[in-house]
Amino acid sequence: MAQGRPAAETAQLQALLRGRDFRRLLLLSAVVGVPVSLIAFGFVSLEHALQHGVWEWLPHRLGWSGPPWWWPLPALLLGGVLVALVVSRLPGRGGHTPAHGLGMAATEPVALPGIFLAALASLPLGAVLGPEAPLMALGSGLALLGVDRVRPGLPARARNVLGASGAAAAISVIFGNPLVAGVLLIEAAGVGGPQLSMLLLPCLLASGVGALVFTGFDRWSGFGIGALNLPTVPADHPPAVGDFLWGIPLAVLIACCVVPLMRLSGRLAELVERRTVPLTIACATAVGGCAAVYALATGRSSEEAVLSGQATLAQLAATPHAWSVAALLALVILKGVGWFLSMGSLRGGPIFPALFLGSALATVLVGVPGFGPAPALAAGLAAGGAAVLRLPLSAIVLATLLLGKDAADQLPLVIVCAVTAFVVGELLRAPSAGAPEAAHSTPR
C-alpha cells in the first residue's frame with residue numbers, strides 16, 4: 001500500500017498524470033472553461049432578464065403593481081406552444097426531459113439550438129424548473145463543438161471527459177461555486193481510482209477556470225445572473241435533540257412527497273413523447289392554472305407558484321413567518337403539481353424547485369416545540385436535494401454552501417436528513433413485482 005492506495009493503482013495514476021495525452025486533456029479542459037462559462041453567463045443573464053420582463057416589468061408597464069392572478073395562464077400557454085414547436089421540429093427534442101433528472105450524457109452539438117430555444121421558452125415564461133440541466137447540456141455541447149473543430153478525431157473517452165468538463169464549467173455559473181459542479185459530476189459518474197482522477201481533474205479545472213471568468217465578468221458587466229444563493233438565513237440556532245426528532249420525520253415526508261411526483265412525471269413524459277404538441281400545451285397551461293388558483297386562494301402573487309422558486313426561496317429563508325401555514329401548504333401543493341407537470345412536458349432542471357419545496361414544507365413546521373427556523377431550513381434543503389438528485393454527497397455540499405456561515409452548526413442535521421431522504425427515496429423507487437423501474441435520475 002502507498003498512503004492507503006494499492007501499489008498497482010498508484011502506478012496507474014502516476015502513469016496517467018505523466019502521460020502527454022492527459023496533460024493535453026487538462027489544457028483543453030482549462031481552455032474550454034473560458035468560452036463555455038462566458039456563453040453560459042450570457043444565457044443565464046438573458047433568461048434572468050426575460051423572466052424579469054415577463055413577471056415584473058410588463059405588469060408594471062400595464063398598470064398593475066404585480067402580475068394579476070390570471071397572468072400565468074397566457075404566459076404558460078405561450079411557453080407550451082413554443083416548447084412543443086421546438087421539441088417536435090428541431091434535432092435533439094429540446095434536450096432531455098427533466099423527469100429523468102439532470103441528464104448527464106454528453107450533448108451532441110446538433111442539439112444545441114433546440115436546447116437553447118426550449119429552455120428560453122420554458123424558464124422565463126413560468127415552468128416550475130431550474131436552469132441547471134439546460135446549462136449542463138449547453139456546456140457539454142459547446143465544449144464538444146469547439147473540440148471537434150480544433151482537434152477533430154479525438155478518442156471517444158477523451159471526448160466524453162471534455163463534454164463533462166464543459167458541463168462543469170457551465171453549471172458552476174448558476175450554483176455560484178465550482179465545488180458543487182465538481183462533486184455533482186463526480187458522484188453522478190460513480191467511478192473510482194485512476195478513472196476518477198481522469199474525470200475529476202479536468203472537470204475541477206474547467207469549473208474553476210469558468211468560475212474565475214464569470215465572477216470577474218459579472219462584476220465588470222453589471223448583469224445579474226441570479227446565481228443560487230441565500231443572502232439572508234434565519235438566525236443561527238445549533239440543532240438540539242428536538243430538531244433531530246422533527247428533522248428526521250420531515251426528511252421522510254419530503255422524500256415521500258417529491259419522489260412519487262418524479263415517478264409520475266416519468267409516466268407523463270412517456271405520454272407526451274407520443275403526443276408532443278397537444279399534451280405539451282395542455283400541461284403548460286395547467287401549470288399556469290395551478291398558479292392562478294394559488295393567487296386566488298391566498299391573495300398572494302401568482303409568481304410564487306411558478307418559475308424555479310429561487311427568488312421565493314430567498315424570501316422564505318429571510319422571512320419564514322411572512323406566509324401563513326395555509327398559504328404555505330397551498331404553495332407546496334400547487335407548486336408541487338406544477339413541478340410534476342413541468343418535469344413531464346417542458347424543459348429545465350429539477351433541482352431548484354425540489355430545494356424550494358423541501359424548504360417550504362419544513363417552514364410549515366417552524367414554531368412547533370423544539371424546531372427552529374435555521375434547522376428547519378437546513379433539513380428541508382438537504383432532504384429535498386438528496387431525494388431528487390439521488391446524490392447525497394452533492395446534496396450535502398449544496399445545502400452547506402447555501403447555509404453559508406451557519407453551515408458548520410447545521411452540518412450534522414444536514415447529513416442525517418440528506419441520508420434519510422436518500423434512503424427513503426431509493427426504497428420508494430424500488431420496482432414493484434413485475435413492473436419495470438423508471439430510468440435513474442442520473443445515469444451511473
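# Notebook: an all-helix chain, looked up piece by piece

**Overall.** I started with burial: 54% of the 444 residues in the protein chain are buried. This is a predicted model, so I am reading computed values throughout. For secondary structure I get 16 helices and 0 strands. Next I looked at contacts with a separation of 6 or more, and 81% of them join residues 24 or more positions apart. The chain exposes about 17900 Å², and carbon and sulfur atoms supply 68% of that area.

**Helix α3.** I picked α3, residues 72-89, to check its geometry. It has 18 residues and runs 25 Å from first C-alpha to last, close to the 26 Å expected at 1.5 Å a residue. Then I listed its buried residues: Pro-72, Ala-75, Leu-76, Gly-79, Gly-80, Val-83, Ala-84, Val-86 and Val-87. Where do these buried residues fall when seen down the axis of α3? They sit within an arc of 165 degrees, so they line one face of the helix. As a reminder to myself, an α-helix has 3.6 residues a turn, so residues three or four places apart point the same way.

**Salt bridges.** I searched the whole structure and got 4 salt bridges. I went through several of them.

Glu-273 pairs with Arg-93, with the closest N and O atoms 3.7 Å apart. Glu-273 is in helix α9 (residues 241-274) and Arg-93 is in the loop between α3 and α4 (112-122), so this pair ties together parts that are 180 residues apart in sequence. Glu-273 has 45% relative accessibility, so I put it down as partly exposed. Arg-93, at 27%, also counts as partly exposed.

Glu-304 and Arg-300 meet side chain to side chain at 3.0 Å, N to O. Is Glu-304 buried or exposed? At 8% relative accessibility Glu-304 counts as buried, whereas Arg-300 is partly exposed at 27%.

Arg-429 and Glu-426 form another salt bridge, at 3.3 Å from N to O. They are 3 residues apart in helix α16 (residues 407-429), which means about one helical turn separates them. Arg-429 is buried, with 7% relative accessibility. Glu-426 comes out partly exposed at 24%. I then asked which residues are linked with this pair in a network of salt bridges. The network consists of Arg-390, Glu-426 and Arg-429.

Where is Arg-390 placed? It lies in the loop between α14 (373-389) and α15 (392-403). Its relative accessibility is 4%, so Arg-390 is buried.

Leu-307 is in the loop between α10 (276-298) and α11 (310-318). With 5% relative accessibility, Leu-307 counts as buried.

**Val-397.** Moving on to helix α15, I looked up Val-397, which is found there. Its relative accessibility of 16% is under the 20% cut-off for burial, so Val-397 counts as buried. Which residues does Val-397 contact, leaving aside its neighbours within four places in sequence? I find Leu-179, Val-180 and Val-183. I also took the C-alpha to C-alpha distance from Val-397 to Val-414: they are 9.4 Å apart in space and 17 residues apart in sequence.

**Nonpolar surface patch.** Last, I turned to the outside. Which residues make up the nonpolar patch on the surface? I have Trp-57, Leu-58, Leu-62, Trp-64, Trp-69, Trp-70 and Leu-296, with about 720 Å² of accessible area together. I followed up on one member, Trp-57, which lies in helix α2 (residues 20-61). Trp-57 has a relative accessible area of 48%, so it is partly exposed.

How values were computed. Residues are numbered from 1 along each chain as its sequence is written. This is a predicted model: local features need pLDDT of at least 70, side-chain atom pairs count only at pLDDT 80 or more; totals for chains, interfaces and linings use all residues. Side-chain values use heavy atoms; hydrogens and water are left out. Helices (H or I, at least four residues) and strands (E, at least two) are DSSP runs, numbered from the N terminus. Buried means under 20% relative accessible area, exposed over 50%, partly exposed in between (1.4 Å probe, protein chains only). Contact means heavy atoms within 4.5 Å. The expected span of a helix is 1.5 Å times one less than its number of residues. The arc is that of the directions from the helix axis to the C-beta atoms. Patches are made of residues with over 30% relative accessible area and no salt bridge: like charges are joined within 9 Å, nonpolar side chains (Val, Leu, Ile, Met, Phe, Trp, Tyr) within 5 Å. Accessible areas come from the Shrake-Rupley method with a 1.4 Å probe; for residues, only the protein chains shown count as cover.
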